[in-house]
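Please look through the sequence and the model below before reading on. The paragraphs that follow begin with one pair of packed elements and then widen the view.

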Amino acid sequence: ACFESAMYVFVLVWAPTMRATIAASFGPSTPTPYGTAFSVFMAACMLGSTLFGYLVRQSSWLSLERVAVLVFGIASGSLIGACWLLQEPAATDNETSAMTVVHLFSAYVMFEFCVGLYFPTMGTLRGGILPDSHRSVIMTLFAVPLNAIIVTVYLLFGILGNTGALQVATGLLCVGAMAMMWLDYRQKLDAQRSAKLRSKFKSVVKKAVMVNMLASSFLSHQDYDHSLARDSYASVQMAM
């Protein structure tokens with residue numbers, strides 16, 4: 001809910017913030033290349049989705065929880081940088097103005113890259129955590145805070161403004177990053193507990209096998225002694 005709310009807020013503010021930054025840097029008559037910017041956003045999103053498969057296949061130490069932490073962390077960092085650039089006063093020289101536009105656009109591209117990486121990561125996590133019988137109900141419940149956050153930001157947009165809405169999105173991403181760090185910590189604890197239980201189970205099984213072997217050996221010796229005694233008694237009877 002946190003990431004997707006931030007994504008919808010970003011959809012609301014990226015165009016006016018780009019237009020305002022370009023107008024402040026190069027003049028109000030300078031056109032804003034919305035089509036080119038959107039095409040680059042979609043390419044970055046596709047690159048993030050493609051990179052997910054490589055990370056899962058090649059990185060043995062990088063679990064899904066850690067990938068999610070990286071996604072939330074990079075996304076929040078990119079929007080923090082965007083907020084900082086939007087609050088900076090407009091530069092007077094053309095070179096600094098151009099770099100401001102480039103940096104802002106780069107932050108937005110990095111966020112879209114995280115969007116592409118987010119959806120396969122969260123889809124895989126949901127498939128492993130949420131049971132199939134209750135998944136649709138749980139996802140419907142998660143849509144309630146998502147819609148509530150989006151509607152609240154839209155209603156307060158006149159008060160927040162573009163920068164304020166972007167700061168709200170940044171705060172949501174930070175909350176999501178902390179939640180994913182907590183999930184990663186819980187997964188580590190569960191893995192350690194499972195390893196301890198497996199170790200104890202193996203130890204108990206080894207002890208049980210040893211006891212079984214000793215009992216079998218003892219019973220075999222007892223059977224041998226009984227059979228030897230029977231043979232000796234039969235020999236004495238025959239001699240008599």
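In this predicted model, helix α1 passes helix α3 in a left-handed crossing, a term used if the near helix is turned anticlockwise from the far one by less than a right angle. Helices here are DSSP runs of H or I with at least four residues, strands are runs of E with at least two, and both are numbered from the N terminus. Helix α1 covers residues 2-26 and helix α3 residues 64-87, and the two pack at an angle of about 30° with their axes 12 Å apart. That angle makes α1 roughly parallel to α3, since angles under 35 degrees count as roughly parallel; the axes are lines fitted to C-alpha atoms, for helices over the stretch in contact, and angles run from 0 to 180 degrees between N-to-C directions.

Where the two helices meet, F3, F10, T17 and T21 of α1 face V71, F72, A75, L79 and L86 of α3, a contact being heavy atoms within 4.5 Å. The residues of this contact divide into seven nonpolar, two polar and no charged; Ala, Val, Leu, Ile, Met, Phe, Trp, Tyr, Cys and Pro count as nonpolar, Asp, Glu, Lys and Arg as charged, and the others, Gly among them, as polar.

Helix α1 also holds S25, which is buried with a relative accessible area of 15%, where buried means under 20% relative accessible area (1.4 Å probe, protein chains only). S25 lies 76 residues from V101 in sequence, while their C-alpha atoms are 7.7 Å apart in space. Another buried residue is T121, with a relative accessible area of 1%, and its place is in helix α4, residues 94-129. Leaving aside residues up to four places away in sequence, T121 touches F52, L64, V67 and A68.

Taken as a whole, the protein chain has six helices and zero strands. Of its 240 residues, 30% count as buried, and among contacts with a separation of 6 or more, 83% join residues 24 or more positions apart.

Confidence is highest in helix α2 (residues 34-58), at a mean of 86, and lowest in helix α6 (residues 157-239), at 67. Over residues 228-239 pLDDT stays under 50, and for this stretch the model has zero contacts beyond four places in sequence.

Residues are numbered from 1 along each chain as its sequence is written, and side-chain values use heavy atoms, with hydrogens and water left out. Local features need pLDDT of at least 70 and side-chain atom pairs count only at pLDDT 80 or more, whereas totals for chains, interfaces and linings use all residues.

Technical notes
pLDDT = per-residue confidence, 0-100. Parallel < 35°, antiparallel > 145°, perpendicular 65-115°, else oblique. Buried < 20%, exposed > 50% of the residue type's maximum accessible area, 1.4 Å probe, protein only.
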